[in-house]
Amino acid sequence: MIIRTLCRRGFFQEAVATTPAKRIAPQFSRQIHGTPRLNEQVGIHRVPKLNEHESLVQNGVPGLLSAQGYKTAWSDYMEYLTYEMNVAVSGKEYQHQTPEKLLIECARDPQRAYLFNLASMAWNNHFFFKGISGVNAKPKPSQPSSDLLQLINHDFSSMDTLREDFLATAEAMFGPGFVWLVQVNNHIRILPTYNAGSPLAGAHYRRQSVDMNTQNTSPVNSAGSFGDSSEVQKGKPKAPFGGVDVTPLLCVNTWEHVWTTDYVPQYGFLHGKRAYLEKWWDKINWDVAGHLAKVSKSANGAQKNRFV
Amino acid sequence: MIIRSVVWRQGRRAVAQKFWQPLRTFSSAVDSIDSSAQNSLKQLHSLEAQINAAAPTATPVASIDPETATTAQSAVSESLADQYHRFKARESELGDLGTEISPHYQPNTLLNNPPSPADVTLELLLASEAHQGHATSLWNPANARYIHGIRQGIHIISLETTAAHLRRAAKVVQEVSRRGGIVLFVGTRPGQERAVVKAAELSKGYHLFERWIPGSITNGQQILGRCKTKVVNEKDEEVQGFEEQLFDRAALRPDLVVCLNPLENYVLLHECALNNIPTIGVIDTNADPTWVTYPIPANDDSLRCIQVIAGVLGRAGEQGSKQRLAAAEKGVITFPPARNLRLPEEPEAEAEAPKRESEALGRLLDGAEAISSHIKPELFSTSKSDHSLHNADDLGDMLDETNNHETNRRIKQVV
């Protein structure tokens with residue numbers, strides 16, 4: 001009777017199905033076993049390890065996410081992304097490419113739009129958690145360095161204004177996305193990207209910085225709008241083909257699965273998100289942002305040529 | 001643009017309601033389109049005015065505008081090199097975010113950053129297919145000691161043996177290089193060029209990836225006699241003033257030859273053997289191990305295996321030459337200087353030349369505290385006949401004499 005009960009609950013089936021096929025590529029294991037386990041990390045892509053991994057798993061991000069929230073936002077979601085990426089790239093010539101190069105390549109290839117989404121989400125999410133890292137031990141929120149502060153004051157007139165603009169932009173976005181603080185030609189800018197859009201220079205085809213449902217003011221017919229003789233181009237200096245050369249400094253992940261575990265809206269949907277955004281602002285690691293700003297500024301900065 | 005950024009702050013619903021209004025004109029098609037366009041324009045302007053009036057301190061959010069962000073000034077103010085370095089710096093910070101890539105084979109690393117003797121592991125050799133020999137019917141029984149077994153009709157070379165022999169060969173290359181010897185890397189099969197060149201670069205040696213010209217050693221004066229040679233000091237800096245003496249010296253010979261495909265280079269290996277030049281060779285199961293002094297039993301048909309072996313030996317040579325130069329910095333010279341070279345003298349002191357010459361020779365032979373010049377490197381030199389140049393005919397006679405002298409021939413006559 002006990003055996004029958006276990007059978008009915010599918011216990012034995014699960015036990016049989018979970019014997020891992022060690023050397024079989026993920027797409028084949030799916031055919032054999034039906035639903036392979038998600039946490040089999042035998043593929044080329046693996047979930048990256050964050051610096052304070054153990055304490056994050058136990059306590060979450062103190063002041064922003066609980067342990068369960070961290071699990072949903074990082075552990076489970078990155079596992080899903082890496083699994084899907086392994087399935088998508090295995091056996092292909094680009095199977096060993098890093099997500100950054102992959103997303104730039106796939107941004108202009110509509111056939112691989114899904115792979116772009118996966119790579120871009122993985123990159124964005126890792127960047128987001130990197131930007132709030134290293135602050136678990138510190139009770140006070142960190143402050144930007146003087147160089148970065150100077151840039152911010154020049155473009156946004158003060159830190160408070162930047163905060164207001166940034167959080168307002170993030171709040172106004174409907175649905176999933178990211179909001180970035182980027183550096184462009186020694187200026188600091190706010191850049192929203194919807195869904196899995198990327199701020200990187202080469203992936204501008206999929207920047208997705210506008211909500212297509214509401215901001216559709218661009219002309220439908222664009223014939224004659226490009227080229228040396230067109231009205232649009234007359235008098236304009238020739239810009240390099242391609243996207244803007246941006247360096248992302250920090251970002252906030254506004255996808256719902258990241259904050260709905262911990263920020264239950266009490267008076268309406270926006271309040272939960274607003275509370276999350278305000279708490280996130282206090283968790284920003286400005287050292288990371290400052291370092292990236294410095295890296296992108298230094299033109300001659302004694303860069304070692306790794307290929308000599 | 002202006003509308004978009006302002007509306008961002010104020011909410012989109014307010015705009016959406018009033019934006020499109022139905023047309024009211026009933027004139028001809030062209031007129032209607034034109035007037036409708038005018039209407040829309042007026043509506044846009046009024047809307048803009050309304051919103052701008054409603055929002056007193058509506059400063060637009062600083063957002064990315066691709067048209068203005070990349071102006072020609074900003075784009076070309078930086079040089080291409082600066083842009084590239086900035087790109088590379090960003091890549092090093094942000095390039096590996098997203099996922100961790102499992103370790104995998106990257107072909108370029110074997111050539112750009114080859115492994116060193118310390119990195120030689122059985123796993124590396126196995127992955128480089130060093131264990132794969134030829135069909136069992138094609139074997140040379142002299143290689144029996146290197147063979148582990150048979151699988152799928154081919155002989156499998158024992159990787160432990162390969163590793164041991166490779167380490168020994170690396171030690172030989174390192175020591176020869178440390179003592180300032182000429183190391184020649186030879187790989188004449190297609191695809192071996194880059195490996196051979198890289199190994200020679202690392203060890204400050206020489207490379208050959210085209211056909212070995214028979215007689216380059218045994219008939220060296222004929223084939224290589226017109227090649228440029230130079231005299232360098234212990235720090236590898238060229239020393240001027242020896243041009244006359246170099247003119248009538250015998251051709252240089254390598255002190256060690258590393259051959260990556262001995263089966264195609266029998267003549268080279270035979271010449272080396274005749275002239276007591278040690279050789280290292282990659283010996284497959286069908287090759288003859290007696291052709292070389294230090295065999296490395298491995299797969300010579302796999303480019304990856306050849307790149308690993310050439311890389312390891314190149315790194316060993318690099319280590320040796322670094323040791324040599326480090327010792328030279330401290331004043332310790334790790335090699336005997338070239339024979340029969342005298343210091344370039346002043347023209348006025350020609351009268352005292354013979355006496356000075358013997359003194360110089362004595363100093364040369366003393367070694368450590370003497371002048372540290374050596375020909376790069378000539379350890380087997382001919383006996384120098386003391387002739388001074390009077391005219392071109394004398395030069396011709398002197399050359400013939402030197403070339404045809406019996407000591408130039410290294411083959412010992414066995415009676």
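Biologist: In which strand of chain A is the place of C251(A)?

Modeller: In this predicted model, C251(A) belongs to strand β4, which covers residues 246–253 of chain A.

Biologist: Why is C251(A) called buried?

Modeller: The relative accessible area of C251(A) is 3%. Buried means under 20%, so C251(A) is classed as buried.

Biologist: Which residues does C251(A) touch, not counting residues up to four places away in sequence?

Modeller: C251(A) touches N124(A), F127(A), F128(A), F178(A), V179(A), W180(A) and W280(A).

Biologist: What links F129(A) and F128(A) into a cluster?

Modeller: Ring pairs do so, and the cluster also includes Y70(A) and W74(A). Over all chains, the structure holds 16 aromatic pairs.

Biologist: What makes the aromatic pair of W281(A) and W286(A) edge-to-face?

Modeller: The ring centres of W281(A) and W286(A) are 5.8 Å apart, and the angle between the planes is 70 degrees. Centres must lie within 6.5 Å for a pair, and planes over 60 degrees apart count as edge-to-face. W281(A) and W286(A) are both buried.

Biologist: How do you know that R112(A) lies over the face of Y94(A)?

Modeller: R112(A) is at 4.5 Å from the ring centre of Y94(A). The limit on this distance is 6 Å, and the charge must also be within 35 degrees of the ring normal. R112(A) is listed as lying over the face of Y94(A). In chain B, the charged end of R304(B) sits over the ring of Y105(B), 3.5 Å from its centre.

Biologist: Why is N186(A) counted as partly exposed?

Modeller: N186(A) has a relative accessibility of 44%. Buried means under 20% and exposed over 50%, with partly exposed in between; N186(A) therefore counts as partly exposed.

Biologist: Where is the place of N186(A), and with which residues is N186(A) in contact?

Modeller: N186(A) is in the loop between β2 (177–184) and β3 (187–194) of chain A. Leaving aside neighbours within four places in sequence, its contacts are L151(A), D155(A) and K297(A). N186(A) and D155(A) are 31 residues apart in sequence, and 9.8 Å separates them in space, C-alpha to C-alpha.

Biologist: Why are α12(A) and α6(B) called roughly antiparallel?

Modeller: The axes of helix α12 (residues 286–297) of chain A and helix α6 (residues 80–94) of chain B cross at roughly 155 degrees and come within 8 Å. Angles over 145 degrees count as roughly antiparallel, and so α12(A) and α6(B) are given that description.

Biologist: Which residues make the contact of these helices?

Modeller: On α12(A) they are H291(A), L292(A), V295(A), S296(A) and K297(A); on α6(B) they are R86(B), A89(B), R90(B), E93(B) and L94(B). The residues of this contact divide into four nonpolar, two polar and four charged.

Biologist: How many helices and strands do the chains have?

Modeller: Chain A has 12 helices and four strands, while chain B has 16 helices and 12 strands. Of the 308 residues of chain A, 44% count as buried; for the 415 residues of chain B, the share is 41%.

Key
Residues are numbered from 1 along each chain as its sequence is written. Chains are lettered from A and ligands numbered from 1 in the order in which they are written. This is a predicted model: local features need pLDDT of at least 70, side-chain atom pairs count only at pLDDT 80 or more; totals for chains, interfaces and linings use all residues. Side-chain values use heavy atoms; hydrogens and water are left out. Axes are lines fitted to C-alpha atoms, for helices over the stretch in contact, and angles run from 0 to 180 degrees between N-to-C directions. Helices (H or I, at least four residues) and strands (E, at least two) are DSSP runs, numbered from the N terminus. Angles under 35 degrees count as roughly parallel, over 145 as roughly antiparallel, 65 to 115 as roughly perpendicular and the rest as oblique. Contact means heavy atoms within 4.5 Å. Ala, Val, Leu, Ile, Met, Phe, Trp, Tyr, Cys and Pro count as nonpolar, Asp, Glu, Lys and Arg as charged, and the others, Gly among them, as polar. Rings of Phe, Tyr and Trp (its six-membered ring) pair if their centres lie within 6.5 Å; planes under 30 degrees apart count as stacked, over 60 as edge-to-face and the rest as tilted. Buried means under 20% relative accessible area, exposed over 50%, partly exposed in between (1.4 Å probe, protein chains only).
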